Amino acid sequence: MQTHDENITKETDMIYRSLPHGGEDISIIGLGLGSLHNATEEEIEETVDAALNAGINHIDFIPSNDTPFAPVARAVAGRRDKVRFQVHIGAEYTHGAYGWTTDVDLAKREFEARLRTLDTDYADFGFIHCIDEDSDFDAVMKGGIWEYACEMKRQGVIRHLGFSTHSVSIARRFIATGAMDLGMFSINPLYDYTDESEYGKGEANDRHALYREFEAAGVGISVMKAFAGGQLLDAKLSPFGHAASRNACIQYALDRPGVLTVLPGIRGKRDLEDVLSFFDASDSERDYSFVGKAALRQESPSCVYCNHCQPCPEGIEVGLVNKYYDLARLGDELAADHYRMLGAHASDCLGCGHCDTRCPFGVAQSERMKEIAAYFGV
């Protein structure tokens, strides 16, 4: 079921979602290139070429070291306008390996060096890089990096401004600038429902509220760490005691409000094939209801729009109804309009309890339908 502004190509199985500010189509699966340097130059070029041929058009260019990435530029040559590059301001490689900085002069040199590496004169998204602390946010805003990023946007060197963070509060500070079009955020069940990782900063309900705030503000999300660094894929390491599939993790991230694309890190062609298998996966292979037990431990279960409750006997799109209600309460007038255009509304609920028994997250949907109907008057 499509719950975002999506377009599906007939040539491939790729699906695209539209950037709220700008309208560019972005593939729901993109590429993270942080580990691609492990491949040969020939395989790097072949991997990126195969990804583009499969319809992937969104690439996060944050190498793990300063290895020249000429093969990426060669793979993109002749179709640069079809590719959306995230290039980070604040990533630095002065010692050969990846690091990060809030020093404006170093950030400028490194950003411009990445553009030269890609043989391009612009970044589709200029990302303020990896800000997780308030002191670093302040350093970016007051130390020249923010001014530089905005000037690059005015000149067209940056088409859209973005940011990356693991922190809920920092994400809110960036959204509050009103200047952002895309944010890179770590989303997976481990970070959303447990405190097993330093990257999963924020309580579950607050993190889910943040995703709705992204969408209400018209700021898209590109997802990093969808597999929690592989921890979710190993039953012995996962706090859920369950080895999740890559497909389930990708589906989980794509079902969060505001998410446009998921960017798994790849090491070569084999990893790319594994990621693209998502489009051939069955519903059971994408199922993430194993998260339900953890969700039930939360004080106030909330709808995560997963549609495990479907089908509704009255044809109510329960996930969308909940989503538009949550967004409308954040002041999103378009969400209210979208709700009213639905073929079936909360007021059509019979109270049969079908959705209540099927919800793995413990939400009493039949009662929530009464609340939503009262709110919208429909």
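The exercises below begin with the basis of the values and then proceed by topic.

Residues are numbered from 1 along each chain as its sequence is written. The model is predicted, so local features need pLDDT of at least 70 and side-chain atom pairs count only at pLDDT 80 or more, while totals for chains, interfaces and linings use all residues; side-chain values use heavy atoms, with hydrogens and water left out.

**Exercise 1. Determine how many cavities of 30 Å³ or more the structure has, and describe the lining of the largest cavity.**

Step 1. Rolling a probe the size of a water molecule over the atoms shows where empty space is left. On a 1 Å grid over the protein atoms alone, a cavity is a set of points where a 1.4 Å probe fits but cannot get out, and lining residues have an atom within 4 Å of a point. Grid points are joined across faces, edges and corners, and a volume is the space filled by probe spheres set on the points.

Step 2. Searching the whole structure gives 3 cavities of 30 Å³ or more. The largest cavity has a volume of about 120 Å³. It is lined by 15 residues, and Cys312, Pro313, Cys349, Cys352 and Cys355 are the closest to its centre.

Step 3. Helices (H or I, at least four residues) and strands (E, at least two) are DSSP runs, numbered from the N terminus. At least two lining residues of the largest cavity come from each of α14 (354–358) and α15 (365–376); α15 gives the most, with 3 residues.

Step 4. For the classes, Ala, Val, Leu, Ile, Met, Phe, Trp, Tyr, Cys and Pro count as nonpolar, Asp, Glu, Lys and Arg as charged, and the others, Gly among them, as polar. The lining of the largest cavity comprises 9 nonpolar, 5 polar and 1 charged.

**Exercise 2. State the volume of the second largest cavity and the classes of its lining residues.**

Step 1. The second largest cavity holds about 80 Å³ of space. Among its 15 lining residues, Cys303, Cys306, Asn307, Cys359 and Gln365 lie nearest the centre.

Step 2. This lining has 10 nonpolar, 5 polar and no charged residues.

**Exercise 3. Characterise the largest pocket by its volume and its lining.**

Step 1. A pocket is an open set of grid points with protein on both sides within 12 Å along at least five of seven lines. The largest pocket contains about 890 Å³ of space.

Step 2. Its lining has 32 residues, with Gly34, Ser35, Met224, Lys225 and Gly265 closest to the centre. By class, the lining divides into 15 nonpolar, 12 polar and 5 charged.

**Exercise 4. Are Asp119 and Ala228 buried or exposed, and where does each lie?**

Step 1. Phi is near 55° at Asp119, a positive value in a residue other than glycine. Ala228 likewise has a positive phi, near 55°.

Step 2. Asp119 is placed in the loop between α3 (104–117) and β9 (123–128), and Ala228 in the loop between β12 (220–224) and α9 (246–254).

Step 3. Buried means under 20% relative accessible area, exposed over 50%, and partly exposed in between (1.4 Å probe, protein chains only). Asp119, at 68% relative accessibility, is therefore exposed; Ala228, at 7%, is buried.

**Exercise 5. Classify the ring pairs Phe61 with Phe85 and Phe163 with Phe214.**

Step 1. Rings of Phe, Tyr and Trp (its six-membered ring) pair if their centres lie within 6.5 Å; planes under 30 degrees apart count as stacked, over 60 as edge-to-face and the rest as tilted.

Step 2. Phe61 and Phe85 are edge-to-face, at 6.5 Å centre to centre with 70° between the planes. Phe61 is in strand β5 (residues 58–61) and Phe85 in strand β6 (residues 84–89), 24 residues apart.

Step 3. Phe163 and Phe214 are stacked, at 6.1 Å centre to centre with 15° between the planes. Phe163 belongs to strand β10 (residues 158–165) and Phe214 to helix α8 (residues 204–217), 51 residues apart. Both Phe163 and Phe214 are buried.

**Exercise 6. Why is strand β11 described as largely enclosed?**

Step 1. In β11 (residues 182–186), 5 of the 5 residues are buried, so the strand is largely enclosed by the rest of the structure.

Step 2. Leu182, Met184 and Ser186 are buried on one side, and Gly183 and Phe185 on the other.
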